[in-house]
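Let's take a walk through this structure together, stopping at a few local features along the way. Please have the model open as you read.

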Amino acid sequence: MAIRKAVKGTAAVASGGLVAFYGLTQLTEYRKRQARLSRVEAVEQVNMAFQDELPSRQAQLTALRATQEFDVLVVGGGATGSGCALDAVTRDLKTALVERDDFSSGTSSRSTKLIHGGVRYLQKAIVKLDYEQYMMVKEALHERSNLLNIAPHLTALLPIMLPIYKWWQLPYYWAGIKIYDLVAGAQCLKSSYILTKTKALELFPMLKRDKLVGAIVYYDGQHNDARMNLAIALTAARYGAAIANYTEVVHLLKRVDPQMGKERVCGARCRDVITGQEFDVRAKCVINATGPFTDALRKMDDQKNPNICQPSAGVHIVIPGYYSPDNMGLLDPATSDGRVIFFLPWEKMTIAGTTDTPTEITPHPIPMEEDINFILTEVRNYLSPDVEVRRGDVLAAWSGIRPLVTNPNSKDTQSICRNHIVHISDSGLVTIAGGKWTTYRSMAEDTLDAAVKAHNLSAGPSKTVGLMLEGAKDWTPTMYIRLVQDYGLEVEVAQHLASSYGGRAYEVAKMAHVTGKRWPIVGKRLVSEFPYIESEVQYAIKEYACTAIDVIARRTRLGFLNVQAAEEALPRIVDIMGKQLTWSEQRKREELSAAKQFLYYEMGYKARSEQLTDTSEITLTPAEVGRYMKRFHKFDKENKGFITTVDVQRVLESINVYIDADTLHEILNEVDLNKNGQVEFNEFLQLMSAVKKGQVSANRLAILMKTAEQSLDQTEPLEQREPVDQRKPVSVDRSGGGV
C-alpha cells in the first residue's frame, strides 16, 4: 500500500502540469464530440434504403457500367477506401468503389489487430510536447470507442500488460498510462491499474520473473481486421454503393472544364481483372484511397507529381496460443533496437509483431527470416526461461506495408506526416493518405468534407458516427447459444460464426450441410483443429470472394493462423468454389497453385522451408547419427539411400496403421528438399538436426517414423531393441511443423 501511494504521488507530480497544459486545449473539442455522440442516432439520420440481400458482384459491375455519372468514385477497397464509400453513400451521394485486388487484401488485413489510441505516440507527444501527435492520439481514442460500439461482434476489450523491471519505470509508465486514460475521458474503456510482481505472474505465468518489479495493465480494443474491413464495404453496398473487387483502374478520365479552361478528373477507365473486360466509370469526384500505392494513382493524374509515400513494413508472426494467457496481451515498449513489440492473444493463437522497418512498395510483401528471428529473440527476453521459444513454433508470418506520407501541402516536403493528409490536385483528384486503422472513419469524414467542398457536391455532414456495421444489428453476446440449439452446431463453431458474422451467422448456419453424425448435426469443418466450416466458403462467394485466397486469407483467417492447416483445407475450398462458380478443371488447378504460392511467399511458408535447405548445418552427435541411421533403415530395407511413400506405407501397414497415399505424399514432400519424390538419408538428418535445434517442431514424418520404430522394436528380441529415449518431447499444439 505504501508503495502504491508513493507511486501515485510521484506520478501526480510528473503528470499534473502536462494534464493542465493539454486539458484546456482539448476541452472545447471534447465537449463538441461528446454532444455529437449523444445526439447521433445514425441509422435514423440515414435516409437510404437498406438492402437486406446483397447484390451479386455481377450486378455491381452492371451498375458501374450502366450509371451515367456517379457523385463519387473511390479507388481502393481497404479500410480507408471502404470508409470513404460508406461515408459518401450515407450522405446520399451516388457512390462507386473499385479495388484491383480483394477488399482488405493489402495493409488492412495485415495489422496488429489492435484498435488503439497509440500509447507510444502519446509518450512522444509528452516528451517532445508535440501537439500534432497528441491530437492524433485523442482522435484515435474517440474512434476506438466508436468502432467498439458499431461492430461489437468483431471487437473486444483487451487488457495489455507492461512488465516493469526497474523501479524508476513504475511511476514513469504509470503516469503515462494514466494520462492515456485521462485523454480518453468518458470514452476510457476501463481504468488502468498497477500489479505487484506476484499478481503479474499469476495473470501472465509465462512472464520472466527475474528482476520483475511489477506491471501496469491498461485497456485497448482488438478486432478481426479483414472482416472489419469487409463489414464496412458490405454496409456501403447495402446502402446502395456500387462496389467491385478485382476491378483495377487502367487510367483516369479527364475533360476540359469550360469555366476554368483546364483538365479535370471525371472518372476512370476500369478493367475487370477476372474477365479482362474494360469499361468507363464516370464521376464528379474521384478519391484516391490506395494506401501504399497512393503515388501510382497520383502519377496517373500527373506524371510530374512527386512521391509522397514513405513505406514502412511491419512483420508479425503467429505462434501457438499457449505462449500467452487467453485474455491478456503484452507490450514491450523498449526492445533492443528501440522498436515496440506487441505480444497478443488472437483467435486462440498468439500474435507477436514489430513495426516500422523501411521497405519497398510491393503488392506482395514477404516476411523475412531476419525479422522473424528478431521477434523471436525479443519474445525470449521477456518470457520465462522455462518456456522454450522455438523457431519451429511459428505457424504463420506476414508483412504489412504502412503508408507513411510526406504532406504535399507543407512547405517542408521532407517531413513525414504522422497523421493522415487530404490533398486535392489541380485537376480535382482527392487523395487521402497516411493515418492508421483505428481512425479510418474520421479519415473518411475529412476526405468527404474536402471532396464535397472542392467539387460543390450536394451533401450534408457525415452520418457514420454510431452507424452499425454489417452483422452488428442482431448480434448479442449469447446468440451463439441459439445457433447451437436451433441448428445443432458445435459450441466452438457457433461462437466463431457469431463473432465473425454477427447477426448474419444464421444465414451461414442455414447453408451448413447435415453431418450424418449424432453431434454436431450440421457444420462440417474444413480442418479439424479450427472452427471454420464448409458453408462459410459458400457464404464467402455472397460476400464477393472470387478466389481461394480470398477465403483462406480474408473471409476466414486460416491462412493467417496456420499455413499448413490452410494448405490442407485448400482442395476442399477449391472444390466448393468450383461448383458454385462453375470453374473448369484448369481453373481449379490454377486456383490451387495460386493459393499455395500465396501461403509459401506471403504467409511465411517459404521462411519455414528455408529451415531445411541443402546448406543446413547438421549438428548431430555421432551417437545421434547412428540412432537415426538405424531408424531410417527400418524404412529403407533395400539400402537405396532414400525412402518413398511406398516404403513408408509398407512399414505402417506392418504395424496396422493406414494412411492414404495423398497424405503420405504431403508428409514426405515437407522434407523432400530437391522435390524428386523421395527423401534421402542426408535430408532426413537435416530434418532431425532442425528438430533438435527447435527450427522445426512436430514434423509429421519425424514423429511418424519414431512411432513406427517404437512399434517395430516391440516385436524384436529384447537384446536387439533400441534403447528407449527417456526424454519426452515438448508437445506443440497445432504447430503442424511450423513455418
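Bear in mind that the model is predicted. Asparagine 639 is not a glycine, yet its phi is positive, at about 55°. With a relative accessibility of 57%, this asparagine counts as exposed because the cut-off is over 50%.

Now move on to asparagine 656, in the loop between helix H23 (645-654) and H24. Here too a residue other than glycine has a positive phi, near 65°. Asparagine 656 is exposed, at 61% relative accessibility. Such spots are worth a look because most residues other than glycine have a negative phi, and most peptide bonds are trans. For the peptide bond, turn to tryptophan 519 and proline 520, which are joined in cis with omega at about -5°. Proline 520 sits in the loop between helix H15 (505-511) and helix H16 (535-542).

Helix H24 (residues 661-669) holds glutamate 666, a partly exposed residue with a relative accessible area of 37%. Together with Glu568, Asp660 and Asp662, Glu666 forms a negative surface patch.

Finally, the aromatic rings: the whole structure has 17 aromatic pairs. In one of them, the ring centres of tryptophan 168 and tyrosine 172 are 6.1 Å apart and the planes meet at 55°, so this pair is tilted. Tryptophan 168 is exposed at 55% relative accessibility, while tyrosine 172 is partly exposed at 39%. Elsewhere, ring pairs connect Tyr628, Phe632, Phe681 and Phe684 into a cluster.

Notes:
Residues are numbered from 1 along each chain as its sequence is written. This is a predicted model: local features need pLDDT of at least 70, side-chain atom pairs count only at pLDDT 80 or more; totals for chains, interfaces and linings use all residues. Side-chain values use heavy atoms; hydrogens and water are left out. Patches are made of residues with over 30% relative accessible area and no salt bridge: like charges are joined within 9 Å, nonpolar side chains (Val, Leu, Ile, Met, Phe, Trp, Tyr) within 5 Å. Accessible areas come from the Shrake-Rupley method with a 1.4 Å probe; for residues, only the protein chains shown count as cover. A salt bridge is a side-chain nitrogen of Lys or Arg within 4 Å of a carboxyl oxygen of Asp or Glu. Lys and Arg count as positive and Asp and Glu as negative; His and the chain ends are not counted. The place of a charge is taken as NZ of Lys, CZ of Arg, CG of Asp or CD of Glu. Helices (H or I, at least four residues) and strands (E, at least two) are DSSP runs, numbered from the N terminus. Buried means under 20% relative accessible area, exposed over 50%, partly exposed in between (1.4 Å probe, protein chains only). Rings of Phe, Tyr and Trp (its six-membered ring) pair if their centres lie within 6.5 Å; planes under 30 degrees apart count as stacked, over 60 as edge-to-face and the rest as tilted.
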